[in-house]
Amino acid sequence: LTNYTFAGVYTVKTIADNAGFLGKGASGSNREFFVRMKSDGKIEHRVYSTGSASTFDTISSSASAISADTTTLIAGSFNGTTNAIRLDVNGTVLTDTSSVGLYAATSNLTIPSALGNQAHTAVAELVFYNTDQSGKLSDIKTNINGHYSIF
């Protein structure tokens, strides 16, 4: 996995630090990426270059936090060639260029997962591509939001 794109509809029951929505590799030796919430309800999209906890880049939803018992559309992507990292929370788009490349391990994709803490979350829909579909992510989000009327 060197590129990926995701879009998911989540309803969080409990706001908890490091509780995850989506990840690949959860332990220090095989971490590739994960999307998780922080104790303040903000979302992080974190990419690892070595699998260790010390070599990563994070993009965070600093503009707004999610609330318990509210349905949220969380989407994002990573491009392993350009190291472009993206996170969208309810239509608010954040983009950055990571200083690290994505670590390629043999870990499983897990829903929900991050650092061993599972989110107390209902997942209504999740779309995942093992390619960079960031150019189509706006259309994907529009289709999902058209069905769920999240924002």
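Colleague: What is the average pLDDT of the chain, and how many residues score at least 70?

Modeller: The model is predicted, so confidence comes first, as pLDDT is the predictor's confidence in each residue. The chain averages 87, and 93% of the residues reach at least 70.

Colleague: Which elements have the lowest and the highest mean pLDDT?

Modeller: Strand E9, residues 109–110, has the lowest at 84. Helix H1, residues 137–148, has the highest at 95.

Colleague: What is the strand order in the open sheet?

Modeller: The order is E8-E7-E6-E1-E10, 5 strands with antiparallel pairing. Strand E8 (92–97) and strand E10 (121–129) are the edges, as each pairs on one side only. On average, neighbouring strands are turned by 10 degrees against each other, direction ignored.

Colleague: How many bridges join strand E6 and strand E7?

Modeller: Strand E6 (residues 71–79) and strand E7 (residues 84–89) share 6 bridges in the antiparallel sense.

Colleague: Which strands does H1 touch?

Modeller: H1 packs on the sheet and touches E1 (4–12), E6, E7, E8 and E10. The direction of H1 makes about 25 degrees with that of E1.

Colleague: Now a loop residue. Why does Ser 52 count as partly exposed?

Modeller: Partly exposed covers the range between the buried cut-off, under 20%, and the exposed one, over 50%. Ser 52 has 23% relative accessibility, so Ser 52 counts as partly exposed.

Colleague: Where does Ser 52 lie?

Modeller: Ser 52 sits in the loop between strand E4 (43–48) and strand E5 (56–60). Ser 39 is 13 residues apart from Ser 52 along the chain, and their C-alpha atoms are separated by 22 Å.

Definitions and conventions: Residues numbered from 1 in each chain as written. Predicted model: local features only at pLDDT ≥ 70, side-chain atom pairs only at ≥ 80, totals over all residues. Heavy atoms only, no water. pLDDT = per-residue confidence, 0-100. Helix = DSSP H or I, 4+ residues; strand = E, 2+ residues; numbered from the N terminus. Buried < 20%, exposed > 50% of the residue type's maximum accessible area, 1.4 Å probe, protein only. Pairing = 2+ DSSP bridges. Axes fitted to C-alpha atoms, helices over the stretch in contact; angles between N-to-C directions. Contact = heavy atoms within 4.5 Å.
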